[in-house]
Amino acid sequence: MTSRRNFVTTGLGLAVGAGAALAETRSAAAQSTDPAVKSKLDEVRARGKVIVGVTSEAPPFGFVDEKGELVGFDIDVAKLIAKGIFGDDTKIELMKQGFAARWPNTQNGTIDFGIMVTTIYPDRVLQVAFTRPYIDSGIVLVVRKDSPVKTIADLNKAEYTVAHLTAPVQEERGKRLYPNAKFLTFDAISAQFNAVKLGRATACQLDAPVALYYLKDNPEYRVLDEWLTDVTGNGVFLRHDDFKWWLFLDTMVAEMMGGSRYSDYKAIYKKWFGVEPKRARA
Amino acid sequence: MDYLASVFAVWIRLYPSLMTGFAITVSLALAAVPLALAGGLVLLPLRMWSGRLVRALAGTYIEFMRNTPLLLQIYLIYFGLPLFGLFPSEFTCGVIGIALQHSAFLVEIYRGGIEAISQRQWEAARAIGMVRYTALRHIILPQAALRILGPIGNQLIILVKDTSLVSAIGVAELTMTGKVAIERLAATLEIFVAIGLLYLLLTSALGAGLRIIERRVSEWLG
């Protein structure tokens, strides 16, 4: 009996300990509301470089090229922001992180901001702050070249399966556009592609630039001509409760999208996507 | 303290989906545990076969299964079988992958338990006129069973935790449910802690059950 009682106590202790650890991280974060605490903007300028959370798993937004260097559209936008702070785009430290790690890393200040194909989504904004979108990537469905599916409506049959990413918006779109199809959910884009390639799924839903990039080297796929009409705004994300830093980053994005940095932004966009951006509302 | 309240709010909001995921994790474990235990028993005579060729083949297979990552094996089964025109569900592929690898570990535990019994016990049993089977059944196995129960329990707890790897092929078990919720709510820590506690609950229940079995068996064998 004693051993059982010990076990229960240990279990409770662990649970309480975990809760306490969570509470502690939060109270550290909450201190930033104190006006005496410096804004990230001041901290970054004093440090002399900005630490940015990025992904290496989503070409062409962020990936490792043949030379082993971390490159991509998001990386170049981050460098443009570093240039905006220091007048020098090399004063930046790129921190590769997993998709689940981006939220705690933002909240506890490990990164100054993150830019990694992150769709702005209301539930997420309860946890971290976003700038306005720096790209509306567009969403497409990818099928095998020999697939009989031609339109989104064709997919809406029980015999078809669509591979989604864990991103919440993908499943929501699926339920709206092809509710009769079966859904599969993966935590990696490569697994989505494999599923289509090997016949596990009929189609997969992807950000258009990601799909077009993969298709360059994989002619066995094709993109449905009919694009999903959804607007998908990807935003730069940062910790809540830091108005000065948020205002700086949001202004940077606004300047890129339709202001003094538009030509730089346009060049980056052309470099990675091969076309010019639709001129955004300033 | 208001942060703890917000943590509980997240947990309450996610309760239905986490329970669905938990139920699938439990089903994975319930399907894989008996398969792995039985798979080990099937492999055992092959691994201890008197003919060298069979023994070597069984040994090679077991080493391959033990020494390659389970995640890789699950991927190979899930994405490999379609090349042969077979499309078992992701759940089935997951159960097969887990059972195959863990049966390879379990057969080594079984074998270790049997070989740990002194050779003299065999000789003594044969000396009083028992045939090989009778000696195994009445002298060796009861002693071996008692010794291997602990290690088997360990292995089964690892098995239960390994069910989380099946999330890679899209089975909506506990870990996958959590990953999806993290993507939605951007509350990584809160959700991982909730998932961790649920796994702890499951493995603790399993551990408690195994201790009861161990006690019963030792009482029964005297």
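Analyst: One term to begin with: two residues are in contact if their C-beta atoms, placed from the backbone, lie within 7 Å. This is a predicted model, in which local features need pLDDT of at least 70 and side-chain atom pairs count only at pLDDT 80 or more, whereas totals for chains, interfaces and linings use all residues. Residues are numbered from 1 along each chain as its sequence is written, while chains are lettered from A and ligands numbered from 1 in the order in which they are written.

User: OK, so which residues does B:L202 touch?
Analyst: Not counting residues up to four places away in sequence, B:L202 touches B:T25, B:V26 and B:V160. B:L202 is placed in helix α8 of chain B, where helices (H or I, at least four residues) and strands (E, at least two) are DSSP runs, numbered from the N terminus.

User: Is B:L202 buried, exposed or partly exposed?
Analyst: B:L202 counts as partly exposed, because it has 19 C-beta neighbours inside 10 Å. The cut-offs are these: a residue is buried if 20 or more other C-beta atoms lie within 10 Å of its own, exposed if 12 or fewer, and partly exposed in between, with C-beta atoms placed from the backbone.

User: How many residues does each chain bring to the contact between A and B?
Analyst: Chain B brings 26 residues and chain A brings 27 residues. On the side of chain B that touches chain A, at least two residues each come from α1 (2-47), α7 (174-185) and α8 (188-220) of chain B. Sorted by class, that side of chain B has 18 nonpolar, 4 polar and 4 charged residues, where Ala, Val, Leu, Ile, Met, Phe, Trp, Tyr, Cys and Pro count as nonpolar, Asp, Glu, Lys and Arg as charged, and the others, Gly among them, as polar.

User: Switching to chain A, what is its average pLDDT?
Analyst: The average pLDDT of chain A is 86, and 85% of the residues score at least 70; pLDDT is the predictor's confidence in each residue, from 0 to 100. Over residues 26-32 of chain A, however, the pLDDT is below 50, and this stretch has 10 contacts in the model beyond near neighbours in sequence.

User: What is chain A built from?
Analyst: Chain A has 10 helices and 15 strands, and 40% of its 282 residues count as buried.

User: Which strands pair with β12(A)?
Analyst: Strand β9 (residues 139-144) of chain A pairs with β12(A) in the antiparallel sense over 5 bridges, and strand β10 (residues 161-165) of chain A pairs with β12(A) in the parallel sense over 2 bridges. Pairing here requires that DSSP finds at least two bridges between two strands. A:C204 in β12(A) stands opposite A:V142, and A:C204 is also the bridge partner of A:A163. Strand β12 (residues 203-207) of chain A is mostly covered, with 5 of its 5 residues buried.

User: What about α10(A), which of its residues are buried?
Analyst: The buried residues of α10(A) are A:Y265, A:I268, A:Y269 and A:W272. They are on the same side of α10(A), because they cover an arc of only 100° around the axis, the arc being that of the directions from the helix axis to the C-beta atoms. These buried residues pack against α3 (73-86) and α9 (243-258) of chain A, whereas A:S263, A:K270 and A:K271 on the other side of α10(A) are exposed.

User: Last one: where is the cis peptide bond?
Analyst: The cis peptide bond joins A:P59 and A:P60, with omega about 0°, and A:P60 lies in the loop between β2 and β3 of chain A. Those strands belong to an open sheet of 3 strands in the order β2-β3-β4 (chain A), with antiparallel pairing. β2 (57-58) and β4 (70-71) of chain A stand at the edges, each with a single partner strand, so one side of each is left without a neighbour in the sheet.
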